[in-house]
Amino acid sequence: MKQSPTKSHCKHDQCSCGNRDATTQVPRRAGVAGRVKMLAEMVKAPGQIGAVAPSGSRLAREMLDQAGVFPLASSSPRPKVVVEYGPGTGVITDELIKRLSPEQTFFAMELNASMAQIFRKRHPRVRLHERSVAEIGKACREEGLSGSAAVDVIVSGLPWSGFSL
């Protein structure tokens with residue numbers, strides 16, 4: 001996975017990037033605190049939070065399969081640029097980073113400051129843009145990409161019913 005010069009994309013012990021760090025332990029689940037925080041944030045900002053609880057790993061695997069982000073052992077074509085909208089506590093990210101190769105570019109966008117804080121603790125080396133997904137073009141340029149057209153796959157847990165078209 002392509003990385004910025006000063007940051008690698010993850011510290012996940014099962015990531016294929018080669019950036020393993022035996023001293024880093026990434027929580028596998030959001031836990032009670034993550035669930036409580038997510039519920040509290042949904043009550044405070046229902047338009048920003050898409051669920052009352054974090055997604056599960058089974059849902060994450062199914063979403064990624066449907067999006068064409070297949071496990072590394074797959075011979076299917078790989079998207080070059082993957083962006084996660086609204087990663088929340090990072091449950092989907094856990095599965096996503098297991099599937100990404102070093103040649104792929106990945107970053108996430110989270111608008112809610114509380115969720116961004118939780119996400120950064122869980123995935124301190126994943127590049128996170130704390131802003132609206134409406135600013136995807138700006139985030140892409142900051143990543144060295146030629147605007148939002150450079151994105152191959154968007155994975156999202158956002159409440160699409162909350163968007164005006």
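Modeller: The part in question is an open sheet of four strands, in the order S3-S2-S1-S4 and with parallel pairing. Strands S3 (128-129) and S4 (153-156) form the edges, since each pairs on one side only. Two strands are said to pair if DSSP finds at least two bridges between them. Helices (H or I, at least four residues) and strands (E, at least two) are DSSP runs, numbered from the N terminus.

The model is a predicted one, in which local features need pLDDT of at least 70 and side-chain atom pairs count only at pLDDT 80 or more, while totals for chains, interfaces and linings use all residues. Residues are numbered from 1 along each chain as its sequence is written, and side-chain values use heavy atoms, with hydrogens and water left out.

Strand S2 (residues 105-109) runs parallel to S3 and is joined to it by two bridges. Ala108 has Leu128 as its bridge partner in S3. As a general point, strands of a sheet pair through backbone hydrogen bonds, either parallel or antiparallel.

The sheet belongs to a protein with five helices and four strands. From the N terminus, the order of elements is α-α-β-α-β-α-β-α-β.

Next come the nonpolar cores, each a set of buried Ala, Val, Leu, Ile, Met, Phe, Trp, Tyr and Cys residues joined through side-chain atoms within 4.5 Å. Buried means under 20% relative accessible area, exposed over 50%, and partly exposed in between (1.4 Å probe, protein chains only). The largest core has 16 residues, and Phe106 and Val155 are among those with the most contacts inside it. Helix H2 (57-67), helix H3 (91-99), S2, H4 and S4 each give two or more residues to this core; H3 gives the most, with three. A second, separate core has twelve residues, including Val81, Phe107, Val151 and Leu158.

Helix H4 (residues 113-122) has as its buried residues Ser114, Met115, Ala116, Phe119 and Arg122. At the start of H4, a side-chain oxygen of Asn112 comes to within 3.0 Å of the backbone nitrogen of Ser114.

Finally, Glu143 lies in the loop between helix H5 (136-142) and S4. Glu143 counts as buried because its relative accessibility is 18%. Apart from neighbours within four places in sequence, Glu143 is in contact (heavy atoms within 4.5 Å) with Phe107, Arg127 and His129.

Methods
A polar contact is a pair of N or O atoms within 3.5 Å; within protein, one must be able to donate a hydrogen and the other to accept it, and residues adjacent in sequence count only if both atoms are side-chain atoms.
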